[in-house]
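Please open the structure in a viewer and keep the selection panel at hand.

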Amino acid sequence: MKHHIWIRPLCIDSSAFEKIVDGFKVIIASSPILIAGDLLTSEPRIEPNVILFNGVGDESEQPMQFPLFIGDWYRYNIFYYSPEKPQVSCQIVTNEKPYDLIVMALLLLAKHYIGDLFQIDSDYDADHWQPAIDLCKSVLNLDLVYEPINM
């Protein structure tokens, strides 16, 4: 079961989130990977307060939900939450399905715009992250690096 883990603030700065959403729209418009919404047949949700998508049909696994604010309605990806800290650990199982590339690009974008308050770890090594890094470079002209945390 291949997955990614990230630690993020409960609430992301709205200007950073807007940049993530704008960059994500460019990525999916430029990518050959098709994505759907959480119900596998619906359109992905890319809104000012949430990004929600999955693979299409048999190329889906767990939905990726990336909201501005994590509240009681948050359904997917919660791994660990501590009320003592204003952050949450999240995870997604992608099992190397094609939409994994889009998940990794989103996580890299989030790390870029949120900074040290956002950390990523993964079952995959740095070589597996290179296509997502290359995608962000080619369509957004961002030089991103995958720097895993030790969990």
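**Aromatic pairs**

The structure, which is a predicted model, holds five aromatic pairs. Select F17 and F66 to begin: their rings form a stacked pair, 6.0 Å centre to centre with 5° between the planes. F17 belongs to helix α1 and F66 to strand β4 (residues 64-67), so the pair ties together parts that are 49 residues apart in sequence. Are these two residues buried or exposed? F17 has 0% relative accessibility and therefore counts as buried; F66, at 0% relative accessibility, counts as buried as well.

Next, select F53 and Y99. This aromatic pair is edge-to-face, with 6.4 Å from centre to centre and 85° between the planes. F53 is located in strand β3 (residues 50-53), while Y99 is in the loop between β6 (87-93) and α2 (100-114), so the pair links parts that are 46 residues apart in sequence. F53 is buried, at 0% relative accessibility, and Y99 is buried with a relative accessible area of 0%.

**Helix α1 against helix α3**

Now display α1 together with helix α3 (residues 126-140). The two helices pack at an angle of about 100°, and their axes are 10 Å apart. An angle from 65 to 115 degrees counts as roughly perpendicular, so α1 is roughly perpendicular to α3. Which residues make the contact? On α1, select G23, V26, I27 and S30; on α3, select L135, C136, V139 and L140. The residues of this contact comprise six nonpolar, two polar and no charged.

**H3 in strand β1**

Select H3, which is placed in strand β1 (residues 3-9). H3 has 16% relative accessibility, and it counts as buried because the limit is under 20%. Which side chain forms a polar contact with the side chain of H3? The partner is the side chain of D123, at 2.8 Å. Leaving aside residues up to four places away in sequence, H3 touches Q91, I92, V93, S122, D123 and Y124.

**L34 in a loop**

For the last stop, select L34, in the loop between α1 (14-30) and β2 (45-47). L34 is exposed, with a relative accessible area of 65%. Apart from residues up to four places away in sequence, L34 touches G55 and V56.

How values were computed: Residues are numbered from 1 along each chain as its sequence is written. This is a predicted model: local features need pLDDT of at least 70, side-chain atom pairs count only at pLDDT 80 or more; totals for chains, interfaces and linings use all residues. Side-chain values use heavy atoms; hydrogens and water are left out. Helices (H or I, at least four residues) and strands (E, at least two) are DSSP runs, numbered from the N terminus. Buried means under 20% relative accessible area, exposed over 50%, partly exposed in between (1.4 Å probe, protein chains only). Contact means heavy atoms within 4.5 Å. Axes are lines fitted to C-alpha atoms, for helices over the stretch in contact, and angles run from 0 to 180 degrees between N-to-C directions. Angles under 35 degrees count as roughly parallel, over 145 as roughly antiparallel, 65 to 115 as roughly perpendicular and the rest as oblique. Ala, Val, Leu, Ile, Met, Phe, Trp, Tyr, Cys and Pro count as nonpolar, Asp, Glu, Lys and Arg as charged, and the others, Gly among them, as polar. A polar contact is a pair of N or O atoms within 3.5 Å; within protein, one must be able to donate a hydrogen and the other to accept it, and residues adjacent in sequence count only if both atoms are side-chain atoms. Rings of Phe, Tyr and Trp (its six-membered ring) pair if their centres lie within 6.5 Å; planes under 30 degrees apart count as stacked, over 60 as edge-to-face and the rest as tilted.
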